[in-house]
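Hello,

Here is the structure I promised to pass on. Please have a look at it alongside the notes below.

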Amino acid sequence: MALCVLSTENDSGGYTNVDNAFIKEWLPSAPVTALKVYLLGLCFAGKNDDINNIEQMCRILSVTEQDVLDAYLYWEECGLVFIGSTNPLRVEYIGAGSRNVAKKVSAGKYKDFNKKMQKALSGRMISVNEFNEYYSFLENSFFEPDALVEIAKYCVEMKGDDIGYAYILKIARDWDKAGIKNAEKIKEKISTQNFYNESLGAVMAALGVKRKIDIDDRRLYQKWTEEYGFDGDVVEEIAKRCKKQGMAKLDALLTEYYKLRLFSVKEIDDYSVVKEQNRQLARDVNRALGLYYADTTQEVETYIAPWLAVGFSAETILLVAKFCFRCRIQTLEGMDAKIKLFAERGCISEQAIIAYTDDVLRADGRIAQVLDVLGLNRNVCAADRKNFRLWTGWGMPFEVVLFAAERCVGEFNPMAALNKTLADYKQNGVFDVEKAKAFNLTTATDTKPKENGNKNPFLLATDREYTSEQLQALFDDLTED
């Protein structure tokens, strides 16, 4: 019968696999013979009975059968193996990583620790389960038992005798991660924490907190002053501004200021003023668009702050909001798209947007004249604006456009005919009315432009109270390339 077998969770295939948990937790304190037996047995597991037997193990390790049995009894106490039988000896390896059995502690190992810990927590009796939690932490880390006792004393000083073991272990794990593992370093850490008493007391008084300073308060103050880099007087001043709102509110504010790199009271005051102004602007924009949001924080971060960062003033942003509402654009996303179009064209100031708007409306006025000449009784549309940009892009003077429009009156599709006529002019270098007359020898019509620009009710270019149609013309021009 095989001496050693692997549990199904610990099947390692054709090589000897030693868990890191075993190396870290059990190898340092294991007896030499027990360690040799464990590793050789692990190597034997899975091999045939000619090799996997106690006689081979005794021969290779130069030990007795009783030595092998004692070694496996040690590992069974640790929860790493299960002895199925002693005659013949048969051992199942459970594995360090997959085991669910809590590691057992040898009797007397923590006898001194138990006395010191019970003395530190003299206000109550420590249960067996609580001691087991301490043992588990100490066995699975390189933390000194006396260091854990010092932490317990500190917690009692801060929180009282009824402090729970979970809180003690939380502090211990935090300091363990920071590399503070022995009693001397723990004492130094606690001594440093006591330096905060006077300053932290002033902060808590400013907050209106009347309870005793505890460990969490000290850790927060250390974070604010050492990690974040705030001066104590700045922390105290901000505490005064959130009186009766607690340490959590103060921590949230200082964390926000830290992320924004605001470390002085003046910087914080300036930011607070701007923050409130931005919130008010967000409310004004929402009002202009016909919207309402109880909390504008997200709106400020997503829209208002980026618009202001580009260079738009509050007045310009409100002007665009009013334009959007008149054109039935009533979402922040839709307004954002228009803002970006204005920015692409360099129209950042209110004056620039008004000037650009007037340019668009003047162009629409000329297009309206062309429509009147062609006999088209309708408003200017986006396609008309695209055509007009095409003609001006060719360098075609407006009087030539009007002359050509006169030639296209009565055509089946007068606008298409006008496009073709002007394209012919461009192809043949016709860029003034006289040449256009010569080019159209078959036409005897008087080419004097009609003075009827005001027939189209759209022509209100000088009116600052823009109509919805006028503003739509502006947005069409922004959108069209």
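Predicted model: local features only at pLDDT ≥ 70, side-chain atom pairs only at ≥ 80, totals over all residues.

Residues are numbered from 1 along each chain as its sequence is written, and side-chain values use heavy atoms, with hydrogens and water left out.

Let me start with the rings. The structure holds 23 aromatic pairs (rings of Phe, Tyr and Trp, the last by its six-membered ring, with centres within 6.5 Å; planes under 30 degrees apart are stacked, over 60 edge-to-face, the rest tilted). Phe-131 and Tyr-135 are stacked, because their ring centres are 6.0 Å apart and their planes stand at 20°. Both belong to helix α6 (residues 128–139), four residues apart, about one turn of the helix (helices are DSSP runs of H or I, at least four residues, numbered from the N terminus). Phe-131 and Tyr-135 are both buried (under 20% relative accessible area; exposed is over 50%, partly exposed in between, with a 1.4 Å probe and protein chains only). Phe-230 and Phe-263 make a tilted pair, with 5.4 Å from centre to centre and 50° between the planes. Phe-230 sits in the loop between α11 and α12 and Phe-263 in the loop between α13 and α14, so this pair ties together parts 33 residues apart in sequence. Phe-230 is buried at 2% relative accessible area, whereas Phe-263 is partly exposed at 29%.

Next, helix α12 (residues 232–241), where Val-234, Val-235, Ile-238 and Ala-239 are buried. Down the axis of α12 these residues fall within an arc of 140° and so line one face of the helix (the arc is that of the directions from the helix axis to the C-beta atoms). Their cover includes α10 (197–207), α11 (215–227), α13 (246–259) and α14, counting contact as heavy atoms within 4.5 Å.

Best wishes

Technical notes: Helix = DSSP H or I, 4+ residues; strand = E, 2+ residues; numbered from the N terminus.
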